[in-house]
Amino acid sequence: METKPSLCIVKIGGNIIDNEQLLSEFLTDFSELKGHKILVHGGGKKASEIAGKLGLKPCFSNGRRITDEAMLDVAVMTYSGLLNKQIVAQLQQFGTNSIGFSGADGNLIQSEKRKNTEIDFGFVGDVIQVNNKLISALLAQNCIPVFSAITHDGKGQLLNTNADTIAAEIAISLSEEYEVELIYCFEKKGVLLNSEDDDSVIEALDFEKYQTLKNEQTIHSGMLPKLENCFKSLNNGVHTIVIGNQKTLKNKAAATQIKL
């Protein structure tokens, strides 16, 4: 049986993006990763900051952002503009030839406006298709794709899309061709038993344990959609998933391993 080439997909978010020192350390480590790799970034806190300066108030439901027309403009400017290009520029500095994308570029990620929910999330997209052939072609040319959290519906409408979900859907799509490792990096050391104790890291989390902790509300808020994406990915061909902080790329043992 032919061995699949390895691919590391890393999603970065949280306070790492907001902290110049942590971001620089992370991008240095990312640049040193061998083999095929993809970076997906969020930036919700920066979007909220810019929205505040414009007199807009961010609104969330169960950890997911509600995006009206004004907030969509802020998200596009912040994610696909400011943050995406800053990250790409720093990666070039470290000798990593990266290209920044939204989902609209090259029709790489197509979504549909979220529907059939009790809450109107506005211009929020749920991924329906990933152009894995074009992504694979980019990887074959040793280009490193850097994805922002903006997709499109194929009808000219941009959509704000959860970056964790984008990373998971890209991972699932490319798992037919690659042995995919998906790493979620944010400001915590991993999934925590106590959100107030940064050292209460759960070393390994399977679906049964997740359901128990979810029902106890030990795991809640923004961690819920992140973990739902993790288990969906593992059930659809992704080989390995790790959640941790900016040091995880070099020390995965200190993070949370997600298992079925």
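**Before you start**

Residues are numbered from 1 along each chain as its sequence is written. Because the model is predicted, local features need pLDDT of at least 70 and side-chain atom pairs count only at pLDDT 80 or more, while totals for chains, interfaces and linings use all residues; side-chain values use heavy atoms, with hydrogens and water left out.

**Exercise 1. Find where Asn84 sits, decide whether Asn84 is buried or exposed, and list its partners.**

Step 1: Look for the element. Asn84 belongs to helix 4. Helices here are DSSP runs of H or I with at least four residues, strands are runs of E with at least two, and both are numbered from the N terminus.

Step 2: Check the accessibility. Asn84 is buried because its relative accessibility is 0%. (Buried means under 20% relative accessible area, exposed over 50%, and partly exposed in between, with a 1.4 Å probe and protein chains only.)

Step 3: Look for polar contacts. The side chain of Asn84 pairs with the side chain of His41 at 3.1 Å, and also with the side chain of Lys85 at 3.1 Å. (A polar contact is a pair of N or O atoms within 3.5 Å; within protein, one must be able to donate a hydrogen and the other to accept it, and residues adjacent in sequence count only if both atoms are side-chain atoms.)

Step 4: Leaving out residues up to four places away in sequence, Asn84 touches several residues, including Thr78, Gly100, Phe101 and Val146. (Contact means heavy atoms within 4.5 Å.)

**Exercise 2. Describe two serines in loops, Ser175 and Ser200.**

Step 1: Ser175 is in the loop that runs between helix 6 (163-174) and strand 11 (179-185). Ser200 is in the loop between strand 11 and strand 12 (204-205).

Step 2: Read the accessibility. Ser175 has 5% relative accessibility, so Ser175 counts as buried. Ser200 has 14%, so Ser200 counts as buried too.

Step 3: Follow the side chains. That of Ser175 reaches the backbone oxygen of Asn236 at 3.3 Å. That of Ser200 reaches the backbone nitrogen of Asn194 at 3.0 Å.

Step 4: List the contacts, not counting residues up to four places away in sequence. Ser175 touches Lys4, Val180, Asn236, Gly237 and Val238, and Ser200 touches Val191, Leu192, Leu193 and Asn194.

**Exercise 3. Work out whether the length of helix 8 agrees with its number of residues, and how many of them are buried.**

Step 1: Compute the expected span, which is 1.5 Å times one less than the number of residues.

Step 2: Count the buried residues. Helix 8 is mostly covered, with 9 of its 12 residues buried; among them are Met223, Leu227, Cys230 and Phe231.

**Exercise 4. Say where Phe207 lies and which residues Phe207 touches.**

Step 1: Phe207 is part of helix 7.

Step 2: At 36% relative accessibility, Phe207 is partly exposed.

Step 3: Not counting residues up to four places away in sequence, Phe207 touches Phe231, Lys259 and Leu260.

Step 4: Phe207 and Pro225 are 18 residues apart in sequence, and their C-alpha atoms are 14 Å apart in space.
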